[in-house]
Amino acid sequence: MVLNKICSLKENRTPLELADLPDPVPREREILVRVSACGVCHTELDEIEGRTPPPVFPVVLGHQAVGRVEKTGSKASKFEIGDRVGIAWIYSSCGKCKFCIEGNENLCESFKASGRDANGGYAQYATILEDFAFRIPDVFSDSEAAPLLCAGAIGYRSLRLTGINDGQNLGLTGFGASAHLVIKMARYKYPNAKVFVFARSEKERDFAKELGAVWAGKAEEEPPEKLDCVIDTTPAWKPVVEALKNLKSGGRLVINAIRKEEGDKEYLLKLDYPVHLWLEKEIKSVANVAKRDVSEFLELAAQIPIKPEVQEFKLEEANRALVELKERKIRGAKVLRIEGD
Ligand SMILES: [Zn+2]
Ligand SMILES: [Zn+2]
């Protein structure tokens with residue numbers, strides 16, 4: 001399924017077209033993957049509608065692909081034919097800069113994303129550098145593994161960037177799909193940490209408590225204890241300001257959002273230096289994912305285990321899956337099932 005140009009999903013409900021492309025050929029250090037499942041992500045809506053535009057058209061979207069190695073390049077030796085691998089958002093990076101050397105390839109100037117800067121997983125075949133392919137633990141089916149490759153890995157990076165230790169207090173502002181994964185990871189990795197959740201709806205707050213939050217309240221409510229760190233997954237500014245207030249001295253706020261909306265930007269004027277920033281409080285954003293985030297998260301998800309609920313579509317139904325995602329008809333993570341020839 002290819003995207004030929006940027007368009008509005010409101011006006012064009014079939015932005016992707018079924019096309020017959022030549023089978024990709026793996027270069028020296030690449031592998032050819034026969035894709036069997038590919039998750040559908042909100043970022044695809046951003047690519048189609050031009051908020052994070054692909055540089056070249058036509059392009060095959062998709063950055064949560066699972067499949068089997070069909071062919072290996074002449075210098076690729078990490079995988080055997082038939083091995084099950086995943087392709088995630090990180091498609092490649094330069095491998096030489098400071099960021100790549102320290103394991104933060106997500107910040108590399110040459111960072112390339114699967115399904116945007118290179119053809120991705122909405123297809124029968126995809127190629128990827130072997131160093132950027134990830135082994136999929138056996139406990140997952142192909143469809144279960146696919147959605148873990150994006151939100152899960154980014155959630156894992158967010159949790160890592162908080163610098164949390166066991167026994168500390170973690171806050172989560174917003175309680176959507178990504179925060180559900182983070183609370184499960186946090187409860188498993190840091191069993192003595194207390195999790196405090198800030199969410200708008202009562203349903204979300206009840207669900208947070210079910211998943212082990214010690215407290216759940218609205219964004220502006222004051223938690224019973226100060227927090228060592230907070231992860232914000234909302235598109236708004238109010239939770240940012242309120243979270244800073246709730247931090248302990250030296251505490252850190254990690255913002256896991258690609259962009260913030262303008263709607264409540266005036267809330268930032270409430271920023272009061274002594275209340276919100278003084279005493280070495282930090283703010284850090286999360287951008288993309290590094291290789292270790294994907295592989296470490298997959299291992300962790302297999303141990304816990306985290307198994308997403310999935311709703312399957314055929315590859316040729318990708319447009320319907322995208323429109324339903326846009327219209328928030330969400331019943332579990334949407335996954336395209338891709339059949340053989
Ligand atoms: Zn994604
Ligand atoms: Zn680099």
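User: Which residue of strand 12 is the bridge partner of G171?

Analyst: The partner of G171 in strand 12 is F196. This is a predicted model, in which local features need pLDDT of at least 70 and side-chain atom pairs count only at pLDDT 80 or more, whereas totals for chains, interfaces and linings use all residues. Residues are numbered from 1 along each chain as its sequence is written, chains are lettered from A and ligands numbered from 1 in the order in which they are written, and side-chain values use heavy atoms, without hydrogens and water.

User: In which sense do strand 11 and strand 12 pair, parallel or antiparallel?

Analyst: Strands of a sheet pair through backbone hydrogen bonds, in either sense. Here strand 11 (residues 169-173) and strand 12 are parallel, over five bridges; strands are DSSP runs of E with at least two residues, helices are runs of H or I with at least four, both numbered from the N terminus, and pairing requires at least two bridges.

User: What is the order of the strands in the open sheet of three?

Analyst: The order is 2-1-4, with antiparallel pairing. Strand 2 (16-17) and strand 4 stand at the edges with a single partner strand each, so one side of each has no neighbour in the sheet. Strand 1 (residues 2-3) is joined to strand 4 by two bridges, and L3 stands opposite V59 of strand 4.

User: Which residues are the protein donors of the zinc ion (ligand 1)?

Analyst: Donors are N, O and S atoms within 2.8 Å of the metal (3.2 Å for Na, K and Ca), and sites may look incomplete without water. For this zinc ion they are C41 (SG), H63 (NE2) and C150 (SG), at 2.1 to 2.2 Å, with the spacing C-x21-H-x86-C along the chain. C41, in the loop between strand 3 (30-39) and helix 1 (42-48), and H63, in the loop between strand 4 (59-60) and strand 5 (65-72), are 22 residues apart, and both are buried.

Notes. Buried means under 20% relative accessible area, exposed over 50%, partly exposed in between (1.4 Å probe, protein chains only).
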